[in-house]
Amino acid sequence: MKKTLIHGGILCTMAGENDIFTGDVLVEDGKISQVAPAITAEDAEVIDATDYYVMPGLIDAHTHIGLFDFNSDKSVDDANEMTDPVSAAMDARYSFNIKARELKVAYEHGITTMLFTPGSGDVFCGQPFVAKTYGDNIFDMTVKAPAAVKIALGGNPKNTFGDLNRLPMTRMGVAHVLWETFRKAKEYLDKKEKGEKQDYDANMEAIIPALRGEIPCKIHCTQYDMLTAIEVAKAYGVRFSLEHAWGASDYLEEIVESGCDICYGPIATYRAPGERRRVDVEAVKMLDDRGVNVAIITDSPILSEESLYHHMGEAVREGLAQERVIRMVTINPATQLGLEDRLGSLEAGKDADIILVKGKLGLDTDARVHLTMINGQVVYQR
Amino acid sequence: MYLIKNGTVHIGNGEVIENCDVLTEGKLIRKVGCHLPEEGAEVIDATGCHVFPGFIDPVSSIGAMGIPSRYPDNNERTDPVVPEMNLRYSIDPDEVNAQEFYKSGITTVGLSAASNNLMGGQIAVCKTAPQRMGKRLVKEHAGLKCSVTSSVKSTFGSKDQLPMTRMGAFHLFKETLRAARAEEAEKRTTKQKAIIEVFDELKMPVFCAAQSKGEIDGLLHMMKDEKVQLNIVDAFDFAGSVEELKKQNVGLVIGNVNNCSQIAKYGMDLSKVVDLVENGNLIAFTNTNGGYSEGREVFLWTAIELYRAGVAAEDIVKMMCLYPAQMLGIEDRVGTLEEGKEADLSVFTGHPVTTYAASVAHSMVNGEVLF
């Protein structure tokens, strides 16, 4: 049994309060077996972490790496099926390019887990999955699939189907598709539970786990589209997060009251009337202060994966404490995805996804990961 | 009169003065120094803060796109060669205002054509602050925006029109230049007159977008005997052509590296910029990639990526201040905090290159305090 002792680092465990102290982490067989101020393990290989921050691997809860492929001159879109506004059954793992160069960027920056999601070209866009960022087979790297039902409101599905002269061409059309699809899925589920005979429908099957509360809906929306998302999601009692969420500061009360989660980002867009009217990274602090679970996301490779640091930094620039922003890329997204038993903090029993960092991520612009461990294996060392 | 008092003042040319004051009068900087007299001046306390000249993005699209409209106002894609277009007529002050550029310390932008034309139009430089348009314009005809990127071939090739290939693009560029020079002066078209003004009369520099090594090397080869100052825009794959860039003393306006993961795509080695700086090449950067601008925040992100790659913080400050001013030929008016220059400055709560905990506490453009 392989044992590794990460010794003498400044631990940022993300477990409860008082989560920063100098101490040791013991790793056995790919899992964290102990976290304490001092651990004796004579048979363990020792990694000296003196002067390094030791943290759980970072999580980016909304990326399209390997699905949107910018690695060749002509970019490839395997993220948007766009032949039917209800494409809920599409499993993103089958679109994934394991050779995407951005994966290396991710684990070298300490990002050890990602949610890879279909794009927003449909209303029901497909099935995202959660995977580790190091490996040579995406099916082996996968932690959870399906991990969510990806839904999109606003300009993306409107433009896709409007261009084809098909429903939905308008926001009201998008809302209609959303209501109708959930209604049908609920009926389908009711019949299924009663054992009534019906034709198999892969899209309805894909929505059932959300109706049962097993996985969340991740709903792409900005500005006033949030109200539509909240209204429909509440009506069907699904867990959900608002993705991107530009303009959230205008809808704080509705968000808090709904109990939903937020995946905020990316913020690097020009401002223009409509969906880009208000890009308010300051909302991250307002939401956090109100007890909302906020994750910070990059939407990579649309924005680079390394921009996760910049996104964290912009929230800090707007007044968020560095200790809080770290939670938004570790324990917060882990909890949103129902993976807090495996990921997001340094606690006994969790996956040994651990990073050693010089400097404070999200504060010091030159903070740098010196070692990345995934499932107990050192995959990067500077 | 304003006295910005007791800050760490970054002149913009690499020099930093601690506990330093900046005195402004009207539109201009009257004096920079320690312990300046306060009489008659409104005092802005900059204790513990960093004072920078307004940053300059030399090739912005946003501000000249005319959103919302069906056709972006900086993209006259009816002809691959439109050097006579003047971007001044496309500036939309409301679009500039909506960006709140000054919240990231950016007070001057060079509004430019997108990258779809071989020669797309002449850059117009303006201030970013919400003042009357007449007071904002710094300079028109500040540079000719060109492009040899794949955007040109996808724009015209898709219409079965020259250029459909990279060789087609370079052929048309060279042929256009040759034909303009060959034509008798009085018979030259408006286009040809504009080309001669740029390439022979040297009335403005060239800002040409090129991203891949093939595009950059082709451009350097085509331009090696030209006298006009060349600045390469985007330039993501520059690191493999450093020696030639040094030899020709070409400027670089590094594109928005975080957009569409350019660092991963090109395996960018940003540390190579140090070589160029030592050689005297002018370096700047822009919010734009492929002729499309993103929000004000990404300007500082590129600065941070350079810092992470090992470029010294004060060299990066030059790339945000003095160098882009020199590229656009406006260094007599903006780009450094020196007596007689226009009072464009930002008081940051920290050094925005070295810490994220750096926000703009006060911003001043043309001697007027915005906040």
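**Sheets, a loop residue and a chain interface**

In chain A of this predicted model, 6 strands form an open sheet of mixed pairing, in the order E10-E13-E14-E15-E16-E17. Helices (H or I, at least four residues) and strands (E, at least two) are DSSP runs, numbered from the N terminus, and two strands pair if DSSP finds at least two bridges between them. Strand E10 (124–126) and strand E17 (294–296) of chain A are the edge strands, each pairing on one side only. On average, neighbouring strands of this sheet are turned by 25° against each other, direction ignored.

Residues are numbered from 1 along each chain as its sequence is written, while chains are lettered from A and ligands numbered from 1 in the order in which they are written. Because the model is predicted, local features need pLDDT of at least 70 and side-chain atom pairs count only at pLDDT 80 or more, whereas totals for chains, interfaces and linings use all residues.

Within the sheet, E14(A) and strand E15 (residues 240–244) of chain A run parallel and are joined by 5 bridges. Cys217(A) has Phe240(A) as its bridge partner in E15(A). H6(A) lies across E14 and E15 of chain A, at about 155° to E14(A); axes are lines fitted to C-alpha atoms, for helices over the stretch in contact, and angles run from 0 to 180 degrees between N-to-C directions.

The loop between strand E14 (217–221) and helix H6 (225–235) of chain A contains Tyr224(A). This residue is partly exposed because 15 other C-beta atoms lie within 10 Å; a residue is buried at 20 or more such atoms, exposed at 12 or fewer, and partly exposed in between, with C-beta atoms placed from the backbone. Tyr224(A) and Gly154(A), 70 residues apart in sequence, are 9.6 Å apart in space, C-alpha to C-alpha.

Another set of pairings involves strand E1 (residues 3–12) of chain A, which is antiparallel to strand E2 (residues 20–28) of chain A over 8 bridges. There, Ile6(A) has Val25(A) as its bridge partner. E1(A) also pairs in the parallel sense with strand E4 (residues 45–48) of chain A over 4 bridges, with Leu5(A) partnered by Val46(A).

Between the chains, 29 residues of chain B are in contact with 32 residues of chain A, contact meaning C-beta atoms, placed from the backbone, within 7 Å. The largest share of the side of chain B that touches chain A, 6 residues, comes from H10(B).

How values were computed: Two residues are in contact if their C-beta atoms, placed from the backbone, lie within 7 Å.
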